[in-house]
Amino acid sequence: MKQYAALILAAGKGTRMKSGLCKVLHPVAGRPMISYVMDAVHGAGFQKIVVVVGHQADGVRKAAEARAVEFVVQEPQLGTGHAVLAAKDLFQGFAGDIFILCGDIPLIQPATIREFLDMHEANASRLTVMTALMEDPAGYGRIIRNESGLVERIVEQRDADASELAVKEINTGLYIVDSELLYALLEKISANNSQGEYYLTDIIEGAVRESVSVYAFPLKDAREASGVNTRSDLAGVSNIIWARLREELMNSGVTLLDPASVYVDSDVTIGSDSVIHPGVTLSGRTDIGRDCVIESGVYIMNSKLGDRVTVLQGSRLDRAVVQDDTSVGPMANLRPEARIGKRARIGNFVEVKKTVVGDGTKAAHLTYLGDSIIGKDVNIGCGTITCNYDGQRKHTTTIRDGCFVGSDVQFVAPVEIGAGSLIGAGSTITRDVPPNTLAISRAKQKMYPLRKGQGAKRSDEDRDKGT
Ligand code: UD1
Ligand code: MG
């Protein structure tokens with residue numbers, strides 16, 4: 001039984017992206033591009049996976065997270081052939097074949113890689129190239145075949161003449177090659193081309209020279225091999241991945257009212273019978289429970305929602321937790337560390353930051369709750385503000401279970417309100433309030449009779465008289 005190892009090339013900068021971030025780290029549906037390639041290779045069953053890193057090597061290592069891959073550094077980066085050479089030491093004593101691919105093809109699927117391996121074995125091949133027919137082959141290396149259909153060489157777009165440019169069969173950048181043959185051929189390649197780089201593709205001509213038959217494996221769905229080189233390519237593959245994710249969600253029992261307008265990242269989960277309205281973005285590591293309703297214009301990132309949660313129009317949730325049967329919005333802003341309990345209600349124009357809100361508590365309108373601990377079954381009146389910041393430090397407001405806070409109250413933190421207390425509307429609370437106490441702090445209402453003609457508005461009678 002032949003042994004296989006995988007080699008992912010990810011050391012390049014990605015000049016055509018015109019970015020400070022190296023290409024393979026650009027996010028695609030919320031995850032670094034390279035992570036999709038690693039998952040596909042892992043999914044195809046490879047035990048040994050080597051990743052060649054260079055530009056922003058630490059970032060690429062981090063993107064691998066817990067995936068079982070080895071790294072090797074290519075420094076400087078002198079082309080794809082040079083990248084494979086950089087990994088030579090890691091294949092000392094490895095007698096099998098190496099599956100080589102680039103880190104910039106996030107659409108590749110494990111099943112396709114398996115088929116590629118099967119065909120390579122069926123042909124008893126020592127070198128097989130995955131190819132694809134592209135309507136617009138611009139940017140890719142072209143496959144030049146001989147009369148018997150075997151691959152003769154690959155010519156890069158920049159080095160191709162008019163007849164070669166007309167070829168629609170392209171090099172996907174995926175190869176399976178006998179490791180011994182590979183490293184013997186790489187010793188002989190030169191950087192004698194328009195980019196002055198060591199091209200991996202030159203091993204094809206080298207193999208042909210040594211009478212090795214080079215087979216082509218034509219890909220059925222050419223899109224799977226789409227390489228990301230530009231921002232436009234990035235948008236193209238991202239849209240394909242989002243479309244796949246939407247299909248998976250609908251197949252698992254989630255309703256998307258207008259699928260194409262919903263953006264759900266790769267690390268998002270949604271329970272069945274949840275309904276997602278048009279124009280919703282769910283990003284990062286977000287989990288949404290069953291029977292939830294997410295209305296239009298909602299943006300949720302890195303948040304956890306329980307079951308039967310409703311998020312009404314135009315709300316934003318960032319690193320928030322919302323438990324079962326709670327309603328949020330419309331136009332609510334749950335900022336990091338907002339933790340909302342069960343059966344609660346966070347209404348319109350309510351902002352919550354680093355605050356725990358207990359079960360059954362309601363803050364229905366126009367409120368700011370920051371650095372607070374709010375107990376169970378509390379009513380927070382319209383316009384309530386926790387004044388948490390003294391210009392230097394943040395302070396905590398604690399409101400215990402069962403309190404009733406009237407409208408337009410300011411809590412000047414640090415301050416604590418005991419359970420079951422009542423805060424009169426319009427109060428500015430600067431001192432702790434014991435349990436079961438009415439606290440009210442507002443200027444007494446004064447009244448002065450107005451003389452005729454004074455006041456905000458003249459009567460109709462006065463106006464008619466011209467006074
Ligand atoms: C390459 C192929 C081209 C093929 C295309 C498929 C060569 C010479 N050309 O071109 O025939 O059609 O892929 O997408 O191989 N990399 C390194 N070290 C380097 C240079 C690149 O690790 O020194 C990595 C990059 O990070 C990237 C991958 O190799 O993941 C491909 O590099 P890229 O510059 O995108 O090659 P293409 O021009 O697309
Ligand atoms: Mg490329």
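Trainee: Which residues are closest to ligand 1, and how many surround it?

Mentor: In this predicted model, 23 residues surround ligand 1. The closest are Gln74, Gly79, Thr80, Glu156 and Asn171.

Trainee: How far from an oxygen atom of ligand 1 are the atoms of Gly103 and Asp104?

Mentor: For Gly103 a backbone N or O atom lies 3.3 Å away from a ligand oxygen. With Asp104 a polar side-chain atom is 3.1 Å from an oxygen atom of the ligand. Both values are within 3.5 Å, so both pairs pass as polar contacts.

Trainee: How much of ligand 1 does the protein bury?

Mentor: Taken alone, ligand 1 exposes 760 Å², and the protein buries 91% of that.

Trainee: Where does ligand 1 sit, and what does it take to say that?

Mentor: Ligand 1 sits in the largest pocket. To say so, more than half of its atoms must lie within 2 Å of the pocket's grid points. Strand E1 (4-10), helix H3 (80-86) and strand E10 (169-178) are the elements that give two or more residues to the shell around the ligand.

Trainee: Let's move on to helix H1. Why is helix H1 called largely enclosed?

Mentor: Helix H1 covers residues 33-43, and eight of its 11 residues are buried, so the rest of the structure largely encloses it. The buried ones are Met33, Ile34, Ser35, Tyr36, Val37, Met38, Ala40 and Val41. After H1 comes Gly45, with a positive phi near 100°.

Trainee: Which residue has a side chain in polar contact with Tyr36?

Mentor: That's Ser266, and the contact between the two side chains is 2.7 Å. Ser266 is found in the loop between strand E13 (263-264) and strand E14 (269-270).

Trainee: Is Ser266 buried or exposed, and how do you know?

Mentor: Its relative accessible area is 17%. Buried means under 20%, so Ser266 is buried.

Trainee: Why is Gln56 called partly exposed?

Mentor: Gln56 has 33% relative accessibility. That value falls between the 20% and 50% limits, so Gln56 counts as partly exposed. Gln56 lies in the loop between strand E4 (48-53) and helix H2 (57-63).

Trainee: What makes the phi of Gln56 worth a look?

Mentor: Most residues other than glycine have a negative phi. Gln56 is not a glycine, yet its phi is positive, about 50°.

Trainee: What about Asp377: buried or exposed, and how do you know?

Mentor: Asp377 has 51% relative accessibility. Exposed means over 50%, so Asp377 counts as exposed. Its phi is positive too, near 50°. You'll find Asp377 in the loop between strand E30 (372-374) and strand E31 (379-380).

Trainee: Why is Thr398 called buried?

Mentor: Thr398 has 9% relative accessibility, which is under 20%, so Thr398 counts as buried. Thr398 lies in strand E33 (residues 397-399).

Trainee: How do you know that Gly141 and Ala320 are buried?

Mentor: Gly141 has a relative accessible area of 5%, so Gly141 is buried. Ala320 is at 1%, so Ala320 counts as buried too. Gly141 lies in the loop between strand E7 (127-133) and strand E8 (142-145), and Ala320 in the loop between strand E22 (316-318) and strand E23 (321-322).

Note on methods:
Residues are numbered from 1 along each chain as its sequence is written. Chains are lettered from A and ligands numbered from 1 in the order in which they are written. This is a predicted model: local features need pLDDT of at least 70, side-chain atom pairs count only at pLDDT 80 or more; totals for chains, interfaces and linings use all residues. Side-chain values use heavy atoms; hydrogens and water are left out. A residue is near a molecule or strand if one of its heavy atoms lies within 4 Å of it. A polar contact is a pair of N or O atoms within 3.5 Å; within protein, one must be able to donate a hydrogen and the other to accept it, and residues adjacent in sequence count only if both atoms are side-chain atoms. Accessible areas come from the Shrake-Rupley method with a 1.4 Å probe; for residues, only the protein chains shown count as cover. On a 1 Å grid over the protein atoms alone, a cavity is a set of points where a 1.4 Å probe fits but cannot get out, and a pocket is an open set with protein on both sides within 12 Å along at least five of seven lines; lining residues have an atom within 4 Å of a point. Helices (H or I, at least four residues) and strands (E, at least two) are DSSP runs, numbered from the N terminus. Buried means under 20% relative accessible area, exposed over 50%, partly exposed in between (1.4 Å probe, protein chains only).
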